[in-house]
Every structure is written in structure tokens, then in C-alpha cells.
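Hello,

Here is the structure we talked about. Please open it first, then read my notes below.

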Amino acid sequence: MKIIVAGVEKEVKDGITIAELIRQENVETPEYVTVSVNDEFAKSENFQTQTLSEGDRIEFLYFMGGGQ
Amino acid sequence: MAFTNEQLERYSRHIILKEIGVGGQKKLLNSKVLIIGAGGLGAPAAMYLAAAGVGTIGIADADEVDLSNLQRQIIHATDNLGQAKVLSAKETINRMNPDVTVNTYRTFVASDNIMELIGDYDFIIDGTDNFPAKFLINDACVMAKKPFSHAGIIRFKGQLMTYVPGEGPCYRCVFKNPPPKDAVPTCKQAGVVGAMGGVIGSLQAMEAIKYITGTGDLLTGYLLTYDALSMEFRKIRLPKDTSGCAVCGDNPSITELIDYEQAECSGV
Ligand SMILES: [Zn+2]
């Protein structure tokens with residue numbers, strides 16, 4: 001199935017979970033990433049079980065602490 | 001307040017813009033912006049706001065100018081080494097624009113001083129380098145109903161968002177709690193290109209100018225990310241539902257400011 005990851009269309013296996021997608025996308029500091037699915041926050045405690053559907057839009061939001 | 005001839009000339013490129021004009025320039029001259037952190041982000045933000053004629057600029061920073069700062073903190077120069085950053089920044093702003101009153105606060109922000117610091121200002125710019133300060137600024141601005149611009153930079157990447165009370169998610173809506181110390185790389189460990197502060201700090205100044213003059217659409221409800229290596233900007237829509245947020249939600253569990261413990265990222 002096709003989903004949109006960070007604005008880019010990706011082919012992934014049907015019923016992929018958020019945790020699987022995080023691994024597949026080599027997300028940096030995966031323990032601390034915020035995930036939104038179709039403009040709604042996904043709860044981190046559900047990453048292992050929440051599956052994605054055709055056409056879902058996923059964003060990874062990262063901590064960025066620098067500034068000085 | 002009438003403009004002097006010198007002011008008409010100095011701000012002529014603003015005044016000619018239909019979105020700013022004489023009215024907008026007056027708003028800028030009457031406005032007060034607080035910049036927390038006179039570093040990579042705060043330096044360009046402060047300089048553009050000073051040049052723009054923001055009438056009162058507050059600068060809060062506890063550090064002194066260090067040689068490793070000068071690669072990006074362009075408000076400070078080689079002959080400011082060892083000087084308090086707030087004083088060095090004030091000197092630069094005074095040379096740039098005599099219309100600007102600069103208030104200096106040589107201090108780290110903490111739960112016991114931030115409400116007083118932000119109280120007098122119309123817009124706050126988060127130019128800090130560490131998560132405890134970023135969460136503190138967010139929570140204080142939510143509680144005091146102050147708009148602010150959040151930003152972060154590292155390596156070749158930067159991002160920012162704007163919070164306006166009642167108009168969308170706050171920083172904590174998105175990021176919940178500070179990550180443990182050293183869990184997420186810092187600038188000092190990871191490095192940052194100096195121009196990244198210029199790009200993102202200037203965008204923060206632009207958000208302040210737009211907020212003050214009531215021009216255009218702010219980055220409320222969005223996170224703007226910039227990747228210099230791929231040369232990509234992305235305006236990511238943030239979830240609208242803020243009801244469950246621990247500080248800005250319907251039943252906030254955080255009602256007092258928190259001093260999280262974490263070493264500075266790259267202040268020196
Ligand atoms: Zn919130």
C-alpha cells in the first residue's frame with residue numbers, strides 16, 4: 001500500500017505499524033520522536049500496535065534543542 | 001507620535017509597503033520584544049528587530065562572549081570577547097539604531113524570574129539552546145498568555161513554530177516533555193552551521209514583525225522545518241486538538257512552572 005511519509009509517497013507492506021515504519025525509515029532518536037498520522041498525534045504507547053492504512057499521511061517531528 | 005524626517009528616511013522601505021506603512025511602523029516603534037538567549041538565533045533576530053525599529057528590545061542571557069560563539073553569534077565581535085553577551089548585544093543595537101531602547105537581563109531564565117521577565121513584553125523570542133529553557137518559556141508564555149516564537153537549530157537543520165494564545169498548539173502539545181539529558185544531540189556535540197542561526201533567527205524576527213503589525217499568516221499550527229543539505233523547507237501542519245495538552249489543554253496538569261535539570265547545550 002502507499003502512504004505519505006514526511007510529504008513523500010512510500011510503498012510499504014499492508015498494515016505496517018508505526019513502530020515498524022520508524023525502524024524502516026531509520027528515524028533518528030526513535031524513543032523521542034513525535035508522530036502524527038493524518039494531522040493527529042499518535043500516542044507513543046500505541047506505536048507497536050497502531051497500524052497504518054492506504055493514503056495515511058505520517059509526519060515525524062523531532063526535538064531540536066540548539067540555538068545558542 | 002509623529003515621525004522625524006530621519007525616521008521617515010530610515011524606515012522608508014517599511015513605510016512604502018502597503019502591509020506595514022506609517023501605521024505599522026508606529027506599531028513597531030511602540031512594541032516590546034523580549035529575546036531570551038543572545039546567541040545563534042537571538043543575535044540575528046535582535047539585529048533585524050533593532051533595524052526594523054522595534055522600540056523596546058529586552059535581551060536575557062547570563063553568558064559572556066566566547067571565541068567559539070563568533071562563528072554564528074553575529075551581534076558580538078572579536079573585541080567583545082569576555083564581555084557579558086547582553087552588554088555586547090546592547091552596544092551593537094545602540095550603534096545600529098538610536099530609536100531602540102535596550103533592556104538587559106544578565107540571567108538564566110528560571111521558574112522564579114521568567115514571569116516577571118516576560119510580563120512587560122508583547123512578543124517573546126526563544127533563542128535558547130536547551131530543553132529546560134524551551135519548556136519553561138513555553139509554559140510561562142501559555143500561563144501569561146504571551147505569544148512567542150520557538151526555534152531550534154543543529155548541524156544543517158533548523159525548525160520553528162509560533163504560539164499565539166488560543167490559536168493553536170503550544171510547544172508542549174507537540175513535544176510533551178524534555179528528553180533526558182544527552183538523549184538528543186546538542187549543538188556543542190553535533191555542531192551547527194552559523195548561517196543556520198541567520199536563517200531561522202531571521203524567520204523568528206519576521207514572525208515578531210508580522211505579529212506586531214498584524215500582517216499575513218503566522219506559523220501558528222505549523223512547524224516549519226529547514227534542511228540546508230537538501231535545501232528543503234517544509235511547513236508541517238500540526239494536530240489541531242490541544243485539549244489534552246498538559247499545559248494549554250482543557251484540564252492542565254501543569255499549573256506551576258518547572259525547572260527541569262539539564263546542563264546547557266552549547267552556551268559556551
Ligand atoms: Zn499545549
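Predicted model: local features only at pLDDT ≥ 70, side-chain atom pairs only at ≥ 80, totals over all residues.

B:Gly53 has a positive phi, about 90°.

Now step back into the helix. Helix α4 of chain B covers residues 42–52. Is it mostly covered or mostly open? It is mostly covered: 9 of its 11 residues are buried. Buried here means under 20% relative accessible area. Among the buried residues of α4(B) are B:Ala43, B:Ala45, B:Ala46, B:Ala50 and B:Ala52. B:Gly42, B:Pro44, B:Met47 and B:Leu49 are buried too.

Next, chain A. How many helices and strands does chain A have? There is 1 helix, and there are 5 strands. Read from the N terminus, the order is β-β-α-β-β-β.

What about the overall form? Chain A has 68 residues, and a compact globule of that length would have a radius of gyration near 11 Å. Chain A has 12 Å, so the two agree. Its C-alpha atoms fill a box of roughly 45 × 25 × 20 Å along the principal axes.

Some numbers on packing and surface. In chain A, 44% of the residues are buried. Take the chain A contacts between residues at least 6 apart in sequence: 51% of them join residues at least 24 apart. The accessible surface of chain A is about 3500 Å². Carbon and sulfur atoms account for 45% of that surface.

Last, the charges. Chain A carries 6 positive and 13 negative charges. Their mean positions lie 2 Å apart.

Best wishes

Notes. Residues numbered from 1 in each chain as written. Chains lettered and ligands numbered in written order. Heavy atoms only, no water. Helix = DSSP H or I, 4+ residues; strand = E, 2+ residues; numbered from the N terminus. Rg over C-alpha atoms; globule rule 2.2 N^0.38 Å. Buried < 20%, exposed > 50% of the residue type's maximum accessible area, 1.4 Å probe, protein only. Contact = heavy atoms within 4.5 Å. Areas by Shrake-Rupley, 256 points an atom, 1.4 Å probe, with all protein chains shown as cover. Lys, Arg positive; Asp, Glu negative; His and termini not counted. Charge placed at Lys NZ, Arg CZ, Asp CG, Glu CD.
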